[in-house]
Amino acid sequence: MVEVIAEPTGATRERHDWPHLVQAEQVHGSIYTDPRIFEEELLHIWQRSWVYIGHVSEIPNPHDFVMKSIGPDPVLMTRDKDGQIHLLHNRCPHRGNQVSEKPRGNSRTLTCNYHGWTFSIDGSLRGYPFPSGYQDDKRKELGLGKIARMGIYRGFVFGSMAEDGPSLEEHLGGAKEAIDTLCRNSPEGEVEITAGFLQHKVFANWKFVMENETDGYHPGFVHASIFEVADSKIGSLYADTSSAVTRYFGNGHSEVDLRPEFRKRDEPLSWFGTSVEKLPDYVSRMNAAYGPEQARKIMIDGTPHTMIFPNLFIAEIQMFVIQPLSVGETVQHVTALQFKGAPDFNRRLRQQTMGSVGPAGFLLADDAEMYERSHRGVQEKSPEWVYLGRGRHRERVDDNGFLIGHVTDDLCSRGMWQHYRSLMEAA
Amino acid sequence: MMGASDQQMMNDLADVVRHHGICQFLYREARLQDEHRFEEWEALWTDDGLYWVPANGEDTDPERQMSIIYDNRSRIGLRIKQFFTGKRYSQMPASRLRRVIGNVEVLSDSPDGTRVSANMLLYESHRRGQIMWAARNEYLLREVDGQWRMAFKKVSLVNNDAAMTTMAFLI
């Protein structure tokens, strides 16, 4: 339902009836396909909320830069000579030309090819040709635009285009622990993003992608083909009889917590479908770093399966970054997670990730097919709603006060939608 | 008696016949992919086959960097088996495909096999739309019992540094 409101200027804007569109157990299909809603999401979510940009290990050296994004907009992530990270708009303050055309590189300066304006890697204007053409020095006044706020948590760089709002740590809340857990799987306590990204484009709204990341109902069906032929134990984690849980952290963040199943198995590295014998170097480094008892616990629990709203999915062995391009077009950027000080583990992470994800992946090709079918499906007129009631009767609260449900329940989606509604209503 | 020029002509003719045989093999490989004849396609591989579709350029190190496909022989087999489960939904219904192989060049011969390159242009029709794919293909071919076999195939898609739609068919 859309109400058209007359503004004093004579312009009109639309006000969506959010309590109607987003209800406790259902959301309206148009929320995925209405281009006007997408435009509002850009303003109220992507250009306001904290959005994951990139990882510090992608630009390890002074003067490194890499092209990232916030929604459809490019963002330059750079490291200056002192090691500080900067998030910049790729737009020349002179005539608006895009300054860098390279996906990554190392350079002391960035030069706009249109009129030769030159910027330091921190975005400040260093100089421009024929300065006598300006009455006063423009270098203090003009430069590349900066993303209003930047926050870094354990190497994960987030940006917010809003001047004020909750801090990154407040935003991450309970999901911070997922990043900590992830880092603990490195004998040096650090994740590295060094294997390069695949970019998988789907003709579907970004929210289908986001919701699917912690949907524990689909794997047994959508991925039955690969579980069957690879003789995988993954399917049982998502069975009706599984003791794994879904968890909602608040602020849109959620996870599938498979640890109850892994703890039952009580075998280190079983979460990764392998054993301590197969990765002796990694195991000995973990033992040295944490002591055998703690290392064993870490290697039984494995890595998290956590969706950090709105665009970072830590998917056990890989990481996805969701980028909406338009209401019906989304790119998933995906790479293998790499753990500092774990070469033998990292090699297997890359191998397994390459098999699973991307346009030809054993898993993701089929997920992508489902996003696209959903996007086409919700455009049909009846029923108008997407039903998210699974497991509402069995939601409960865990020891930390977070809502949890069965692994196959719609709990994560319900949480995302309530957060989504609060952001859109705040508009 | 055969003169030197006759010998040259015989050698040239042998090259042409061999080139023809290699082209016939590549065309057949292409047709088996287009028609989703998975088992026949799999039979074209040697036991040590390596199937590589790089991302982000043509000269990345597949042992260090992400590729779209980097299948050893056993993973090629898994890829084929997945189609036969009847649950590989990204190919249900299958993409309709036709591709053209051209610019076939025999690059070199070595004890390991014959290196060949070609250009590939593929038209895909799928529920999501009509999509063109273009690539430079490189092959390492070996003669096994008088038949050409693939020991290596590398498909360098022209747009492999950009976002790509699902391609669960055989590329």
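Reader: Which residue in β5(B) stands opposite B:L122?

Author: B:W133 in β5(B) stands opposite B:L122. This is a predicted model, in which local features need pLDDT of at least 70 and side-chain atom pairs count only at pLDDT 80 or more, while totals for chains, interfaces and linings use all residues. Residues are numbered from 1 along each chain as its sequence is written, and chains are lettered from A and ligands numbered from 1 in the order in which they are written.

Reader: In which sense do β4 and β5 of chain B pair, and over how many bridges?

Author: Strands are DSSP runs of E with at least two residues, helices are runs of H or I with at least four residues, and both are numbered from the N terminus. Two strands pair if DSSP finds at least two bridges between them. Here β4 (residues 113–126) and β5 (residues 129–144) of chain B pair in the antiparallel sense over 13 bridges.

Reader: In what order do the strands of the sheet in chain B stand?

Author: The order is β2-β1-β6-β5-β4-β3 in chain B, an open sheet of six strands with mixed pairing. The edges are held by β2 (67–71) and β3 (96–110) of chain B; each has a single partner strand, so one side of each lacks a neighbour in the sheet. On average, neighbouring strands of this sheet are turned by 20° against each other, direction ignored. Angles run from 0 to 180 degrees between N-to-C directions, with axes fitted to C-alpha atoms, for helices over the stretch in contact.

Reader: Which helix packs on this sheet?

Author: Helix α1 (residues 4–34) of chain B does, touching β3, β4, β5 and β6 (147–157) of chain B. The direction of α1 makes about 150° with that of β3(B). Residues are in contact if their C-beta atoms, placed from the backbone, lie within 7 Å. As a whole, chain B has three helices and six strands, and its pattern along the sequence is α-α-β-β-α-β-β-β-β. The C-alpha trace of chain B spans about 65 × 30 × 30 Å along its principal axes.

Reader: How is a pair of packed helices described?

Author: One gives the angle between the two axes and the distance between them. In chain A, the axes of α5 (residues 206–213) and α13 (residues 364–377) come within 9 Å and cross at roughly 130°. Helices α5(A) and α13(A) are therefore oblique to each other; angles under 35 degrees count as roughly parallel, over 145 as roughly antiparallel, 65 to 115 as roughly perpendicular and the rest as oblique. Their contact is made by A:F208, A:V209 and A:N212 of α5(A) with A:D367, A:Y371, A:S374 and A:H375 of α13(A).

Reader: At what angle do α10 and α11 of chain A cross?

Author: Helices α10 (residues 280–290) and α11 (residues 292–301) of chain A cross at roughly 125°, with axes that come within 7 Å. From α10(A), the contact takes A:M286, A:N287 and A:Y290, and from α11(A) it takes A:P292, A:Q294, A:A295, A:I298 and A:M299.

Reader: How many residues does each chain give to the contact between chains A and B?

Author: Chain A gives 29 residues and chain B gives 28 residues. On the side of chain A that touches chain B, the elements giving two or more residues are β15 (198–202), α7 (224–229), β21 (329–336), α12 (343–356) and α13 of chain A.

Reader: What scores does the model have?

Author: The model scores ipTM 0.96 and pTM 0.96. For chain B the mean pLDDT, the predictor's confidence in each residue from 0 to 100, is 97, and 99% of the residues of chain B reach 70 or more.

Conventions
Two residues are in contact if their C-beta atoms, placed from the backbone, lie within 7 Å.
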